[in-house]
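Here is a brief report on one protein chain.

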Amino acid sequence: MTLIVPSLSLLLCHVTLSTAADYYFDFDDLTGLEDADSAGIDLQRYYNSTELDAFILKTVKSYPHLVRAETIGKSVQGRNLWAVEITHDVDSPDGRTLMKPMFKYVANMHGDETVGYALMVFLIQYLVLKDGKDDRITKLLNSTDIYIVPSINPDGFAAAKEGKCDSLDGYVGRKNAHGVDLNRNFPDQFEYEAKK
C-alpha cells in the first residue's frame with residue numbers, strides 16, 4: 001500500500017506501508033481542507049519559529065474546544081518548545097478522562113531533518129479541519145489524547161540550510177545550539193549505575 005502526499009510537493013513524501021488498509025490516509029481526498037489558507041497554514045514552505053508560534057496560537061484560538069497548547073520549555077536560544085494537545089475533551093473542567101489512551105508525536109530532534117516538522121504542522125491542521133467531517137478522525141479524537149511536539153530542536157532547524165538534504169559541515173543544524181545531538185543524548189540508567 002502506498003501513501004502519497006501530492007499536495008505537499010515540498011515534502012516529496014512517498015512512503016510504502018505494509019500495514020492494513022485501516023491505516024491508509026487518502027490525502028487525495030482533502031475535502032474539508034479547502035480553507036487551509038484561512039486556517040493559517042501554507043503547505044508550500046517550512047515555518048520558522050515565529051510563524052510556528054503564530055500558527056499554534058491561531059489554531060488554539062480557532063478551536064478552543066479541541067486544541068490546547070503549552071510551551072514545555074525554551075530552546076538554548078530562547079525559542080518555544082510547543083506541545084499541542086488535540087482531543088475532544090481538551091477543555092473539560094475535570095481534566096483528562098481516566099484511562100483514555102494518549103499518543104505523542106515528537107519531530108525535528110535533528111534540526112536539519114525537517115520533513116517530520118512539516119508533517120506535524122500539517123497533522124495539526126488535518127485533525128482540526130477533519131473533525132466532524134471524517135468519521136475516523138472524529139472517533140480518534142473522541143477516544144485518544146493526541147500530543148504533538150512539532151520541533152524539539154528549533155535552534156537546529158533555524159541553523160540548517162533549506163534545500164540541503166545532507167547535514168552541513170560540522171553537523172550544523174543537526175545538533176542543538178550547545179552542539180548536542182539530542183537523539184544521542186538520552187539518559188542511560190546502566191551507565192549511571194556503573195558509575196556508582
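## Overall fold

The model is predicted. The chain holds 6 helices and 6 strands. Read from the N terminus, the order is β-β-α-α-β-β-β-α-α-β-α-α.

Of the 196 residues in the chain, 38% are buried. Among contacts with a separation of 6 or more, 63% join residues 24 or more positions apart. The exposed surface comes to about 11700 Å², and carbon and sulfur atoms supply 55% of it.

## The nonpolar core

In soluble globular proteins, nonpolar side chains tend to be buried together. The largest nonpolar core in this chain has 28 residues. Leu52, Phe55, Leu66, Val67, Ile86, Leu127 and Ile148 touch the most other members. At least two residues each come from α2 (49-62), β4 (80-86), α3, α4 and β6 (145-149). Helix α3 gives the most, with 11 residues.

Take Leu52. Leaving out residues up to four places away in sequence, Leu52 touches Tyr47, Trp82, Tyr117, Val121 and Pro150.

## Helices α3 and α4

How do α3 (residues 115-130) and α4 (residues 135-143) pack, and at what angle? Their axes lie 9 Å apart, at an angle of about 100°. Angles of 65 to 115 degrees count as roughly perpendicular, so α3 and α4 are roughly perpendicular to each other.

From α3, the contact uses Tyr126, Leu127 and Lys130. From α4, Ile137, Thr138, Leu140 and Leu141 take part. By class, this contact has 5 nonpolar, 1 polar and 1 charged residues.

Notes
Residues are numbered from 1 along each chain as its sequence is written. This is a predicted model: local features need pLDDT of at least 70, side-chain atom pairs count only at pLDDT 80 or more; totals for chains, interfaces and linings use all residues. Side-chain values use heavy atoms; hydrogens and water are left out. Axes are lines fitted to C-alpha atoms, for helices over the stretch in contact, and angles run from 0 to 180 degrees between N-to-C directions. Helices (H or I, at least four residues) and strands (E, at least two) are DSSP runs, numbered from the N terminus. Angles under 35 degrees count as roughly parallel, over 145 as roughly antiparallel, 65 to 115 as roughly perpendicular and the rest as oblique. Contact means heavy atoms within 4.5 Å. Ala, Val, Leu, Ile, Met, Phe, Trp, Tyr, Cys and Pro count as nonpolar, Asp, Glu, Lys and Arg as charged, and the others, Gly among them, as polar. A nonpolar core is a set of buried Ala, Val, Leu, Ile, Met, Phe, Trp, Tyr and Cys residues joined through side-chain atoms within 4.5 Å. Buried means under 20% relative accessible area, exposed over 50%, partly exposed in between (1.4 Å probe, protein chains only). Accessible areas come from the Shrake-Rupley method with a 1.4 Å probe; for residues, only the protein chains shown count as cover.
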